[in-house]
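Please look over the sequence and the structure shown here before reading on.

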Amino acid sequence: MSTAATTDKSSKPQTINLEDLPLAQLQKIKAQLEEELNSLTGAFSQMKQAQSAFRECKNCIDALTPESMEKTIMIPLTNSLYVPGKLSDIESVVVDVGTGYYVEKSTKDAGTYYDSKIDYVQDNAKKIQQTVEQKQASYRGLLEVMQYKMTQQQMQQQQAAAKQPGSAAKSS
């Protein structure tokens with residue numbers, strides 16, 4: 001028996017037996033679940049991309065060593081424009097804190113900042129993944145109920161056709 005939980009105006013969970021719903025309503029629920037799964041999967045992908053970007057920033061900070069002083073590096077001005085430059089200070093870095101704001105931090109503080117960002121994004125990605133897994137289980141259960149209902153309808157139609165007199169002669 002598959003069920004779905006919903007909430008009404010009093011916010012008390014209500015259990016609905018999916019087998020009691022008509023096939024048309026099940027198809028609407030299926031479309032809604034597919035939409036939710038697509039949205040959650042996109043959010044999960046964005047979280048993984050953000051996590052990767054934060055890890056790359058952390059790796060760059062970790063790569064700042066006394067040996068890297070005065071070495072020529074390529075400095076990004078835009079996504080596609082780089083200019084040569086030299087590291088003059090490895091004790092402080094400029095950190096993008098979002099929405100166009102940048103803050104100067106020590107390399108230690110910047111490393112701590114990116115570690116916290118990585119952990120935060122990882123925790124949110126885990127929550128999204130758990131939600132995706134729950135939605136996928138609901139989706140599979142819904143598909144089973146829909147398949148069962150379609151099989152039942154086909155059997156009823158076949159039985160109704162067999163009960164009609166002369167139905168065997170018409171189908172030949």
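Helices (H or I, at least four residues) and strands (E, at least two) are DSSP runs, numbered from the N terminus.

Together with Val97 and Tyr101, Val103 forms a nonpolar surface patch with about 270 Å² of accessible area in total. Patches are made of residues with over 30% relative accessible area and no salt bridge, where like charges are joined within 9 Å and nonpolar side chains (Val, Leu, Ile, Met, Phe, Trp, Tyr) within 5 Å. Accessible areas come from the Shrake-Rupley method with a 1.4 Å probe, and for residues only the protein chains shown count as cover.

## Basis of the model

The model is predicted: local features need pLDDT of at least 70, side-chain atom pairs count only at pLDDT 80 or more, and totals for chains, interfaces and linings use all residues. Residues are numbered from 1 along each chain as its sequence is written, and side-chain values use heavy atoms, with hydrogens and water left out.

## Overall architecture

The protein contains three helices and six strands. Along the sequence they follow the pattern β-β-α-β-β-β-β-α-α. Of the 172 residues, 22% are buried.

Thr99 is located in the loop between β5 (92–98) and β6. Its phi is near 45 degrees, a positive value in a residue other than glycine. Most residues other than glycine have a negative phi. With a relative accessibility of 77%, Thr99 counts as exposed.

## Packing of α1 and α2

Helix α1 (residues 23–62) packs against helix α2 (residues 107–163) at an angle of about 160 degrees, and their axes are 8 Å apart. The two helices are therefore roughly antiparallel. Axes are lines fitted to C-alpha atoms, for helices over the stretch in contact, and angles run from 0 to 180 degrees between N-to-C directions. Angles under 35 degrees count as roughly parallel, over 145 as roughly antiparallel, 65 to 115 as roughly perpendicular and the rest as oblique.

## Salt bridges

Four salt bridges are found in the whole structure, each defined as a side-chain nitrogen of Lys or Arg within 4 Å of a carboxyl oxygen of Asp or Glu. One of them joins the side chains of Glu36 and Lys135, at 2.6 Å from N to O. Because Glu36 lies in α1 and Lys135 in α2, this pair ties together parts that are 99 residues apart in sequence. Glu36 is partly exposed at 24% relative accessible area, and Lys135 is partly exposed at 23%.

Asp62 and Lys58 form another salt bridge, with their closest N and O atoms 3.1 Å apart. Both residues lie in α1, four residues apart, about one turn of the helix. Asp62 is partly exposed at 45%, whereas Lys58, at 16%, counts as buried. Lys58 also meets Asp115 in a salt bridge of 3.9 Å, N to O. Asp115 lies in α2, so this pair ties together parts that are 57 residues apart in sequence. Through shared partners, salt bridges join Lys58, Asp62 and Asp115 into one network.

How values were computed
Buried means under 20% relative accessible area, exposed over 50%, partly exposed in between (1.4 Å probe, protein chains only).
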